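Reader: I am new to this structure and would like a close look at one part of it. Please begin with the whole chain and then go to the aromatic rings.

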Amino acid sequence: MTRASAISAVHDYFDGGRFQADLAALVAHPTESQNPEAAAELPRYLNEAMIPRLEAAGFTCRIFDNPVPKAPPLLVGVRHEGDGLPTVLTYGHGDVIRAQEGMWKEGLEPFKLIERGDRLYGRGSADNKSQHLINIAALEAVIATRGSLGFNVKIVIEMAEETGSPGLGDFFTAEKDLLAADVLIASDGPRLQPETPAMFMGSRGGITFDLSVDLREGAHHSGNWGGLLADPAMILAQALSTISDKRGQLLIPEWRPTSLTPEVRAALAELPIEAGADSPQIDHDWGEESLTPAERAYGWNSFAILAMKSGVPEAPVNAISASARATCQLRYVVGTDAEAVLPSLRRHLDAHGFEMVRITPAERGFFAATRLDPTHPWVLFVRDSIEATTGKAPHVLPNLAGSLPNDTFADILGLPTVWVPHSYRGCSQHAPNEHVLKPVCREALEVMAGVFWDVGKGVPFHASRS
């Protein structure tokens with residue numbers, strides 16, 4: 001009945017093959033929330049994969065209808081051990097992006113977990129099925145070792161994170177009492193380096209929108225009409241070129257954040273940014289010139305053109321197109337007025353003579369930017385626990401470079417939020433050949449068993465709900 005015993009229990013769980021078998025069962029659920037034809041799979045994951053396991057661990061589970069019509073349901077599980085104990089809220093999402101079948105390496109398939117060396121391939125293996133499986137297994141190990149957790153725990157599993165978590169904020173607003181807790185400790189996203197644990201306390205936000213130019217009906221012969229008809233692709237390309245300069249530095253004042261303080265820069269100063277052989281090499285001459293690569297990724301905003309189209313790129317013809325469209329995205333940090341992003345873009349384009357460029361916000365929402373002080377007591381507590389388990393000082397990020405629904409926990413529920421990621425940046429998340437690394441998963445089980453064991457020993461600052 002010691003901390004080491006709980007960690008030994010997760011070693012046995014992993015080394016005996018049970019973790020891999022359990023992950024294979026989760027990956028086998030084709031839970032593509034972006035695919036309307038897979039809608040029935042989303043509640044099935046909750047009912048068949050999550051509820052039996054959680055109930056066996058002493059959770060009382062309930063599935064709630066999503067406040068947004070036709071959006072998938074949400075699962076809440078509660079294990080209550082005592083009114084005077086701290087309460088940890090944890091979270092995971094069981095949905096995945098589209099499978100991208102036929103695009104994976106030979107011999108791989110999205111919904112079958114396949115082992116190759118130290119890699120376990122499958123859609124959702126990294127995002128997010130292994131991550132909430134690790135946390136649940138760590139809770140189970142503490143219960144089995146100690147006989148109890150020593151704290152209360154609540155878990156939320158949603159099935160629509162990959163479509164922007166529709167309804168999650170409304171559900172949290174309506175169920176604040178049910179979800180009341182002292183802290184969120186959850187897992188998503190990648191470590192900076194696979195061999196070093198990491199923590200982050202928020203995420204960048206994201207705003208996606210289309211820029212389009214529609215000039216006429218139909219395309220017209222480029223010989224007969226070249227020089228006479230305006231080219232929408234050229235107009236759109238020139239409009240896009242005013243948003244950033246040739247190295248990607250933002251040219252719209254409202255898009256340049258005010259929150260890269262000396263304290264944030266200090267927190268980012270020692271963090272590695274090169275991701276290793278499995279990842280693309282960083283372009284050091286891209287982005288804000290005065291910033292380090294880590295500051296550009298975690299402390300600044302970035303603009304990206306996700307897709308562009310004019311004419312038929314797969315089969316071009318000698319014709320001037322009628323229209324052109326680009327899907328764009330701004331990833332933004334705390335200190336950016338999200339409500340001003342698109343109005344400022346409108347003013348900017350108009351000032352440069354591009355009144356004909358239409359701005360269309362994406363139908364699905366995106367997540368807001370959040371950040372917690374790296375010196376918060378819960379951050380220090382989790383950091384010290386991780387170091388005690390692994391002997392390594394974890395990388396501590398003020399916020400993730402990507403986006404996730406942390407605002408629902410931080411802003412609606414008012415919780416300090418600590419995320420401990422169990423993947424790595426070369427995992428091919430959101431792409432063919434998604435995978436997790438077995439050594440990272442084994443260490444992550446150790447880390448979370450240690451964290452949950454330490455919470456159960458007593459957290460003197462929990463009552464302040466700070």
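Among contacts in the chain between residues at least 6 apart in sequence, what percentage join residues at least 24 apart? After that, please look closely at the pair formed by Tyr-91 and Phe-409.

Author: The share is 80% of the contacts between residues at least 6 apart in sequence, where contact means heavy atoms within 4.5 Å. This is a predicted model, in which local features need pLDDT of at least 70 and side-chain atom pairs count only at pLDDT 80 or more, while totals for chains, interfaces and linings use all residues. Residues are numbered from 1 along each chain as its sequence is written, and side-chain values use heavy atoms, with hydrogens and water left out.

The chain holds 13 helices and 19 strands (DSSP runs numbered from the N terminus, helices being H or I of at least four residues and strands E of at least two). Its C-alpha trace spans about 85 × 50 × 45 Å along the principal axes. Of the 466 residues, 55% count as buried, that is, under 20% relative accessible area with a 1.4 Å probe and protein chains only.

Now the rings. The whole structure has 13 aromatic pairs (rings of Phe, Tyr and Trp, the last by its six-membered ring, with centres within 6.5 Å; planes under 30 degrees apart are stacked, over 60 edge-to-face and the rest tilted). One of them joins Tyr-91 and Phe-409: the ring centres are 5.3 Å apart and the planes stand at 70 degrees, so the pair is edge-to-face. The two residues lie 318 apart in the chain, Tyr-91 in strand E3 (residues 87-93) and Phe-409 in helix H12 (residues 406-412), and the pair thus links distant parts. Tyr-91 is buried, at 1% relative accessible area, and Phe-409 is buried too, at 0%. Both belong to a cluster linked by ring pairs, together with Phe-64, Phe-171, Phe-172, Phe-200 and Trp-419.

Tyr-91 also has a contact with Glu-161. Glu-161 sits in the loop between strand E6 (152-158) and helix H5 (168-174), and counts as buried at 7% relative accessibility.

Terms used:
Buried means under 20% relative accessible area, exposed over 50%, partly exposed in between (1.4 Å probe, protein chains only). Lists of a residue's contacts leave out its neighbours within four places in sequence.
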